[in-house]
Amino acid sequence: MSKTELGSSRRVAPRGMSRRRLLTSVPALGGLLATGCADALVPPTVRRGLIGAADVLTMSTTRWLMADQPLAREYARSDIAPDFPTWGQTNPDDEDYQRHLREGFVNWSLPVNGLVGRPRSFSLEELKRLPPRTQITAHVCEQGWPAIGEWTGAPLAQVLEAAGGVAPEARYVVFSAMDRWYESIDMFDVAHPQTILAYGLNGAELPVGNGAPLRLRVERQCGYKNIKFLRSIDVVDSLAGFGRGTGGLSSDYGFHWYGGV
Ligand SMILES: Nc1nc2c(c(=O)[nH]1)N[C@H]1C(S)=C(S)[C@@H](COP(=O)(O)O)O[C@H]1N2
Ligand SMILES: [Mo]
């Protein structure tokens with residue numbers, strides 16, 4: 001996929017943004033900045049040249065418009081796609097993954113490491129015992145297809161809370177997958193109520209092709225940020241040490257780190 005395709009899939013302002021919303025966003029942004037939340041405006045990785053200027057402008061404008069954390073649009077049951085597509089990796093050949101798949105994921109667990117009060121692992125059952133959230137949203141793949149699905153999962157903020165909460169110096173959450181994909185998001189998206197670790201799709205267990213047993217749903221970002229087949233989570237103050245250090249496999253290969261829809 002070319003960079004232009006990626007760029008064109010992003011909109012600077014969410015649809016239906018009114019002048020009033022714009023104006024009420026300003027004090028909210030002030031609040032963001034007052035809390036020292038500059039990360040919310042500038043990506044950790046900026047590409048070279050003109051497209052780098054676009055990286056900064058796109059993220060800062062989007063975040064300015066979203067300073068009060070609006071929800072991504074949620075749809076009706078009747079809007080759900082009959083067959084949610086599978087895309088990219090659909091069944092990692094990783095040995096551990098294949099074993100967990102055979103065992104029905106009963107021995108799988110998600111380590112939550114790094115800058116949390118009590119680093120620990122969560123079994124699927126433990127994640128399901130956290131207050132769940134269900135949302136019918138549009139998945140927008142940067143490669144040109146959207147699909148509406150109903151996702152159920154544990155809000156990421158709840159998971160981190162159950163791990164003792166995040167330290168003040170935490171800046172990003174890094175997600176590693178069983179197919180060696182990794183991605184990261186900043187605390188602004190971590191805190192959003194629609195950012196969930198999903199174990200269900202359309203009222204059923206998350207299918208293998210869609211990332212079983214657990215995937216990220218970060219509804220205000222493109223398809224590629226919604227990482228499937230989660231292996232572990234790290235709460236960090238720096239993205240160095242993961243892959244090529246840009247904060248994701250996609251950004252390692254030249255995509256914008258911030259995939260705002
Ligand atoms: N681990 C992992 N996560 C991934 C991918 C992948 O190949 N591996 N593909 C990404 C892309 S580009 C998209 S569009 C969505 C596709 O999700 P789906 O298979 O549920 O449609 O997953 C994203 N997350
Ligand atoms: Mo995608």
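Trainee: Which side chain does the side chain of Asp39 make a polar contact with?
Mentor: The partner is the side chain of Arg171, at 2.9 Å. A polar contact is a pair of N or O atoms within 3.5 Å; within protein, one must be able to donate a hydrogen and the other to accept it, and residues adjacent in sequence count only if both atoms are side-chain atoms.

Trainee: Before I go on, what sort of model is this, and what are the ground rules?
Mentor: This is a predicted model, where local features need pLDDT of at least 70, side-chain atom pairs count only at pLDDT 80 or more, and totals for chains, interfaces and linings use all residues. Residues are numbered from 1 along each chain as its sequence is written, chains are lettered from A and ligands numbered from 1 in the order in which they are written, and side-chain values use heavy atoms, with hydrogens and water left out.

Trainee: Back to Asp39, where is its place?
Mentor: Asp39 sits in the loop between α2 (19-34) and α3. Helices (H or I, at least four residues) and strands (E, at least two) are DSSP runs, numbered from the N terminus.

Trainee: Is Asp39 buried or exposed?
Mentor: Asp39 is buried, with a relative accessible area of 18%. Buried means under 20% relative accessible area, exposed over 50%, and partly exposed in between (1.4 Å probe, protein chains only).

Trainee: Which residues does Asp39 touch?
Mentor: Leaving out residues up to four places away in sequence, Asp39 touches Met59, Arg63, Arg171, Tyr172 and Asp186. Contact here means heavy atoms within 4.5 Å. Asp39 and Met187 are 148 residues apart in sequence, with 8.1 Å from C-alpha to C-alpha.

Trainee: Arg63 was on that list. Which side chain does it meet in a salt bridge?
Mentor: That of Asp189, at 3.0 Å from N to O. Arg63 lies in helix α3 (residues 50-65) and Asp189 in helix α7, so the pair ties together parts that are 126 residues apart in sequence. Arg63 is buried at 0% relative accessible area, and Asp189 is buried at 2%.

Trainee: How many salt bridges does the count come to?
Mentor: The count is 15 salt bridges, where a salt bridge is a side-chain nitrogen of Lys or Arg within 4 Å of a carboxyl oxygen of Asp or Glu. One of them joins Arg77 and Glu150, at 2.6 Å from N to O. Arg77 is in the loop between α3 and α4 and Glu150 is in strand β4 (residues 145-155), so this pair ties together parts 73 residues apart in sequence.

Trainee: Are those two buried or exposed?
Mentor: Arg77 is exposed, with a relative accessible area of 60%, whereas Glu150 counts as buried at 6%. Elsewhere, salt bridges that share partners join Asp94, Asp96, Arg99, Glu103 and Arg231 into one network.

Trainee: New topic. In what order do the strands of the open sheet come?
Mentor: The order is β2-β1-β10-β5-β6, 5 strands with mixed pairing. The edge strands are β2 (120-123) and β6 (182-186), each pairing on one side only. Two strands pair if DSSP finds at least two bridges between them.

Trainee: Why is β10 largely enclosed by the rest of the structure?
Mentor: Because 6 of the 7 residues of β10 are buried.

Trainee: Which residues have the most contacts inside the largest nonpolar core?
Mentor: Val112, Phe175 and Leu197, in a core of 35 residues. A nonpolar core is a set of buried Ala, Val, Leu, Ile, Met, Phe, Trp, Tyr and Cys residues joined through side-chain atoms within 4.5 Å. The largest share of this core, 4 residues, comes from α6.

Trainee: And what does Phe175 touch?
Mentor: Its contacts include Leu156, Trp181, Leu197, Leu216 and Ile233, not counting residues up to four places away in sequence. A second, separate core has 10 residues, among them Cys141, Trp145, Ala147 and Leu201.
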